[in-house]
Amino acid sequence: MPSPIRFLNPAEAARRLGVSTKALRLYERRGLVTPQRTAAGWRAYGPAEMTRAGQVAALRALGLSLARIADVLDGDAQALEPALAAHQAALEQQGRQLAEAVEKVGALRAGLARGRTPDAEDLVRLLTPVVRPGVAFDLPWPWGGEPFTFLDIPPLTYITGPLGSGKTRLALRLAETLPGAVFLGLDRTTDGGAAIRAGLDADSALAARVDRTRAWLIEDGATPSDDLLALLAALEAEAAALVIDMPEQGLNSPTQAALVAWLRRRGPEARPVFLLTRSSAILDLAALGSGEALLYCPANHAPPMRVARYPGSPGYEAVASCLASPEVRARTAGMMAVMRHTG
């Protein structure tokens, strides 16, 4: 007898696919995957649903927006072209790095043949071809000058903590210390976006990059706004690093999710971006990846700590308690405006 078809619950399906259950819900809301239902009404994923969800996850990993994924699954193969071009460019970059590593190994072997033993610096350069930036400085008030070190800064770092924990001061010091970094504060749209638009009018290359990224985000469910335009103008500018205070300001939940999805697809070589946030749509703990870091500022003004992205790690539950949904964050926006100078 053929074995019965096994259906998976959302947690099991997400684990098999390497995505979060939140991602599966998003795929369902956008009509990309339709799970079956048990007699009790629970979602269930059989072979057909898992195949479909696997296709969506693979296309998402290539950098396609959810709208483009729908086009591809509906038979529009040309919708793949931009994503494949970007993936090819990333692979070519990796190929160049690999070729450089092979050349270094060959040079070391040639040196050995001539009787030259590689020194420690030679081996370090061989084993660490990409060196991410790092910073070290004395912490400002309220920490009282304690030393702080943040090495191997990844492309995406979240800074969070309760009200009054000093996280804004930490973010400002990071922006001051990192060479070429820019701090994007809460006053970014006080003039209704006039300064942003003037800057884009004066820089056609920047305007083209912003338009391209905004189109991707809108396809992924984002809502156009002055706040989103200000973020994209800063993100597409050529600063060495960017520190953003409350990226969720003025953005609804789908826009926040689309923005973070875009930031993640930039790749491991992207410049560092720091997001000072308490929104669970920006900082989705279940979706944290290897190219992301999490800095937590405790309420008792203990030094900021780097928190591992796994439940049970020191500080993980404290971080979770600081976060709230975009709807809750919107209701507390007034309180945040009063207290942000202490945060």
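## A buried cysteine

Cys-297 has a relative accessibility of 0%, so this residue counts as buried (buried means under 20% relative accessible area, exposed means over 50%, and partly exposed lies in between, with a 1.4 Å probe and protein chains only). Before we go on, please keep in mind that this is a predicted model, in which local features need pLDDT of at least 70 and side-chain atom pairs count only at pLDDT 80 or more, while totals for chains, interfaces and linings use all residues. Residues are numbered from 1 along each chain as its sequence is written, and side-chain values use heavy atoms, with hydrogens and water left out.

How many disulfides does a search of the whole structure find? The search finds 0, where a disulfide is a pair of cysteine sulfur atoms within 2.5 Å. Cys-297 is in no disulfide, and its nearest cysteine sulfur belongs to Cys-322, 9.4 Å away. Cys-322 counts as buried because its relative accessibility is 6%. If the term is new to you, a disulfide is a covalent bond between the sulfur atoms of two cysteines.

## The chain as a whole

Let us step back and look at the overall picture. The chain holds 14 helices and 10 strands; these are DSSP runs numbered from the N terminus, with helices being H or I of at least four residues and strands being E of at least two. Its C-alpha trace spans about 70 × 65 × 50 Å along the principal axes. Of its 343 residues, 41% count as buried.

Contacts (heavy atoms within 4.5 Å) tell you how the sequence folds back on itself. Among those between residues at least 6 apart in sequence, 66% join residues at least 24 apart.

## Surface and charge

The chain exposes about 17,800 Å², and carbon and sulfur atoms supply 58% of that area. Such accessible areas come from the Shrake-Rupley method with a 1.4 Å probe, and for residues only the protein chains shown count as cover.

There are 37 positive and 35 negative charges, and their mean positions are 5 Å apart. Here Lys and Arg count as positive and Asp and Glu as negative, while His and the chain ends are not counted. Each charge is placed at NZ of Lys, CZ of Arg, CG of Asp or CD of Glu.

## A look at helix 11

Helix 11 covers residues 253–264, which makes 12 residues, and reaches 17 Å from its first C-alpha to its last, close to the 16 Å expected at 1.5 Å a residue. That expected span is 1.5 Å times one less than the number of residues. Among the buried residues of helix 11 are Thr-255, Gln-256, Leu-259 and Trp-262.

Is Gln-256 buried or exposed? Gln-256 counts as buried because its relative accessibility is 2%. Leaving aside residues up to four places away in sequence, Gln-256 touches Glu-248, Leu-251, Ser-279, Ala-281, Ile-282 and Pro-326.

## Backbone details in the loops

A cis peptide bond joins Trp-141 and Pro-142, with omega at about 15°. Pro-142 sits in the loop between strand 3 (135–138) and strand 4 (147–150).

Two further residues deserve a look. Asp-152 is not a glycine, yet has a positive phi of about 55°; this residue lies in the loop between strand 4 and strand 5 (156–160). At 49% relative accessibility, Asp-152 counts as partly exposed. His-301, also not a glycine, has a positive phi of about 65° and is found in the loop between strand 9 (292–296) and strand 10 (305–306). His-301 counts as partly exposed, at 28% relative accessibility.
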